[in-house]
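The following note sets out several points for a colleague examining this model.

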Amino acid sequence: MTTAIETLNAALAICPLVAILRGVRPDEVEAIGDAIIEAGFSMIEVPLNSPDPLDSIALLAKRYGPDVLVGAGTVLTTADVANVKAAGGTLIISPNVNTDVIRASVAAGMISLPGFYTPTEAFAALEAGATGLKLFPAEGASPAYMKAQRAVLPKDLPLLAVGGVTPENLSQWVAAGAQGAGLGSALYKAGLSAAQVGDRARAFVAAVAALPKAQ
């Protein structure tokens with residue numbers, strides 16, 4: 001049976017970017033999701049402070065099946081974890097380190113990606129069983145800050161930069177030790193059309209293709 005970290009690493013290998021669709025509506029989410037997936041993405045997050053987020057998650061999970069990791073962001077409670085699982089989601093992404101949420105995600109066989117900012121938070125999340133970590137908000141830190149933390153974190157830990165990542169600065173975060181990034185308003189903002197989101201998604205995928213290849 002594939003483990004959560006194996007599933008996450010497989011998705012990161014396809015495309016190391018998580019599309020964050022904060023504010024998306026169920027009536028538009030499939031068209032926007034299609035544009036993102038067609039660009040090459042393999043992970044989509046619908047934050048729970050979006051309109052009817054569980055409906056959007058259910059639509060995406062049914063549409064793409066196991067080929068795409070779909071889940072929720074801004075997950076703050078264990079009840080949220082249960083609701084996302086019931087909707088068909090596999091990703092649980094939080095802005096904070098809530099060890100109850102992490103443990104509930106792991107117990108449900110889901111991928112847990114909590115947000116952290118300090119080494120203390122990082123290791124508390126890992127002790128609770130987090131699959132990977134996201135430095136959040138990355139725009140409040142720097143690639144140098146991530147590099148310093150990367151030096152003490154497990155070498156095989158999936159680490160994402162989330163917040164303020166653009167096609168122009170993605171390479172700096174990867175050079176600092178990020179395995180990928182979560183993309184918010186630089187990819188999607190409420191009101192953008194599927195075509196506009198597709199253009200932005202392709203710009204990010206082009207930035208990934210331009211990254212130096214690992215030796």
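**Notes on the predicted model**

1. In this predicted model, the count of cavities of 30 Å³ or more comes to one. The largest cavity holds about 40 Å³ of space.

2. The lining of the largest cavity consists of V18, I20, E45, I93, L113, K134, L160, V162 and G182. By class, six of these residues are nonpolar, one is polar and two are charged. Strands β1 (17-20) and β7 (159-162) each contribute at least two residues to this lining.

3. Eight strands close into a barrel with parallel pairing, in the order β1-β2-β3-β4-β5-β6-β7-β8. On average, neighbouring strands of this sheet are turned by 25 degrees against each other, direction ignored.

4. The structure holds five salt bridges. R25, D27 and E28 are linked in a network of such contacts. The closest N and O atoms of D27 and R25 are 2.9 Å apart, while the N to O distance between E28 and R25 is 3.6 Å. D27 is exposed, at 61% relative accessible area; R25 is partly exposed, at 37%; and E28 is buried, at 15%.

5. E30 and R63 also form a salt bridge, at 3.2 Å from N to O. E30 lies in helix α2 (residues 26-39) and R63 in helix α3 (residues 53-64), so the pair ties together parts that are 33 residues apart in sequence. E30 is partly exposed, with a relative accessible area of 26%, and R63 is likewise partly exposed, with 42%.

Methods
Residues numbered from 1 in each chain as written. Predicted model: local features only at pLDDT ≥ 70, side-chain atom pairs only at ≥ 80, totals over all residues. Heavy atoms only, no water. 1 Å grid on protein atoms, 1.4 Å probe; cavity = no way out; pocket = protein on both sides within 12 Å on 5 of 7 lines; lining within 4 Å. Points joined across faces, edges and corners; volume = space filled by probe spheres on them. Helix = DSSP H or I, 4+ residues; strand = E, 2+ residues; numbered from the N terminus. Nonpolar A, V, L, I, M, F, W, Y, C, P; charged D, E, K, R; others polar. Pairing = 2+ DSSP bridges. Axes fitted to C-alpha atoms, helices over the stretch in contact; angles between N-to-C directions. Salt bridge = Lys/Arg side-chain N within 4 Å of Asp/Glu carboxyl O. Buried < 20%, exposed > 50% of the residue type's maximum accessible area, 1.4 Å probe, protein only.
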